[in-house]
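I opened the notebook today to look at one model, entry by entry. Come along and check each stop on your own screen.

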Amino acid sequence: MQTIKEYVQSNKDRFLEELFALLRFPSISADPKYKEDIVKTASFVADKLKQAGADKVEVCPTAGNPIVYGEKIVDPSLPTVLVYGHYDVQPADPLELWDTPPFEPTVRNGKIYARGAADDKGQFYMHVKAFEYMMKNNALTCNIKFMIEGEEEVGSAHLGDFVKANKDRLKNDVIVISDTSMISLEQPSIETGLRGLSYVEVEVTGPSRDLHSGVYGGAVANPATVLAKLIASLHDDNNHIAIPGFYDDVVELSKEERDALNKAPFDIEEYKTDLGIDEVWGEKGYTTIERAGIRPTLEVNGIWGGYIGEGAKTVLPSKAYAKISMRLVPNQNSEKITDLFKKHFEAIAPAYVNVKVKPHHGGEPVVTPTDSIAYRAAEMALEESFNKKPIPTRGGGSIPIVALFEKELNVKTVLLGFGLDSDNLHSPNEKYGIENYLKGIETIPLFFKYYAELNK
């Protein structure tokens, strides 16, 4: 029997080539023109699960994109682990900012550059290869189920229906998700919480048509200018969100909890240098770590209106738009926050424009337990693999399915992520370290080993 380290080293090139093949599919869920690529990606994932040793592999149709399901039940009396991931990716725009094509994976300085490299193809595929190792070496100590979806980047709109309709099939003892980050390869960590999400689009309309800015400028309100003012008013001088009732349900952490959170290794100067900024920004009274993990936020994700092509066109636009996301913390509710935003934004709109707020999707914040058998197993696996005990952190991102799993399947989740915050998720030049990828494959079988042992 090969050790996992030996297996990874002897199969390293193949593991990378398989990931590269997966990354070449432009499985962009936000754009319907990539529907055929979505289907091809799902088929690829299903084939790789079969090759790794999964039984009952199925590409399950939904009202949206298909879900890939597979399982291997070695003994019904053993605990069952459900692995969740997503094969869809964010749009690659703006393409001109990529140093190499987003769907042609390129290795530079030990990192794989491609859309989806870290979010989430590289991370969920670690589980497929770890499963392959366990099957070939008779080392699968738990039953395993896979559910890899294709709509996470657009809010998992149809996953809830699938989960509700397949509760028996999805029955498990713990869910493992690798779609988060760790502090570094030198200091492993486990995320113990995720922020929720409320995502909206706003439309500001002024005149019934675009106008000549010389003829009408100064006499008719410009929707782009009004939108900018409305957005600016959503934060006060302390960068506190200025929507009445927004913070009513926020759970404030104790001084002890905040102190523990801030013990995580963090170099503010390195942080600024990496981002190319001279100074950080955020809510007064909180550290950068706190602002990015335990505090709610409101951010503009896109803003447009009028003429944005080459050259000049002196136009006063009829409409202006923005897409806005709000990250939420316990015990905020995404529907309540969306409603608060809509009412506030419509209330502050001046009479010379009309405002529409269109809700998109949302998700609830979650906190995962650190005293569970599953967390302890993850902790032991990382400590053995990295020779250093992992520390708990809070993630700033959102995985809405975690709260849904807890509600519908009544199970907790372990966030066993191997990415880094610097991996350029959702941005040009997304990347994932080869060492992170291989280290994940090495660590996952250890989680299964310890989870089975601790459950005896």
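**Ground rules.** I am working with a predicted model, where local features need pLDDT of at least 70, side-chain atom pairs count only at pLDDT 80 or more, and totals for chains, interfaces and linings use all residues. Residues are numbered from 1 along each chain as its sequence is written, and side-chain values use heavy atoms, with hydrogens and water left out.

**Domains.** I began with the division of the protein into domain 1 (4–194 + 365–455) and domain 2 (196–250 + 296–363); these bounds come from an automatic or database domain assignment. Their C-alpha centres are 35 Å apart. I found nine residues of domain 1 and 10 residues of domain 2 in the contact, where contact means heavy atoms within 4.5 Å.

**Second largest pocket.** Where does the second largest pocket lie? Domain 1 and domain 2 both contribute to its lining, so I place it between them. Its space comes to about 620 Å³. The lining has 23 residues, and Ser334, Glu335, Gly362, Gly363 and Glu364 are the closest to the centre. Helix H5 (159–165), helix H12 (334–348), strand S14 (354–363) and helix H14 (401–409) each give two or more residues to this lining. I also looked up the classes: eight nonpolar, nine polar and six charged.

My notes on terms: on a 1 Å grid over the protein atoms alone, a pocket is an open set of points where a 1.4 Å probe fits, with protein on both sides within 12 Å along at least five of seven lines, and lining residues have an atom within 4 Å of a point. The volume is the space filled by probe spheres set on the points, which are joined across faces, edges and corners. Ala, Val, Leu, Ile, Met, Phe, Trp, Tyr, Cys and Pro count as nonpolar, Asp, Glu, Lys and Arg as charged, and the others, Gly among them, as polar. Helices (H or I, at least four residues) and strands (E, at least two) are DSSP runs, numbered from the N terminus.

Most peptide bonds are trans, and most residues other than glycine have a negative phi. Which bonds did I find to be cis? One joins Asp119 and Asp120, with omega about 5 degrees; Asp120 belongs to helix H4 (residues 117–136). Another runs from Pro330 to Asn331, with omega near 0 degrees, and Asn331 sits in the loop between strand S13 (319–328) and H12.

Next I checked phi. Asn387 is not a glycine, yet its phi is positive at about 60 degrees. Asn387 is in the loop between helix H13 (373–386) and strand S16 (391–395). Is Asn387 buried or exposed? Asn387 is exposed, at 70% relative accessible area; the cut-offs are under 20% for buried, over 50% for exposed and in between for partly exposed (1.4 Å probe, protein chains only). His426 has a positive phi near 65 degrees and is partly exposed at 38%.

**Helix H10.** At the start of H10 (residues 268–275), I saw a side-chain oxygen of Asp267 within 3.0 Å of the backbone nitrogen of Glu269. Just after H10, Gly276 has a positive phi of about 70 degrees.

**Pro369.** My last stop was Pro369, in the loop between strand S15 (366–367) and H13. Its C-alpha is 6.9 Å from that of Thr192, 177 residues apart along the chain. Not counting residues up to four places away in sequence, Pro369 touches Tyr375 and Lys412.

Notes:
A polar contact is a pair of N or O atoms within 3.5 Å; within protein, one must be able to donate a hydrogen and the other to accept it, and residues adjacent in sequence count only if both atoms are side-chain atoms.
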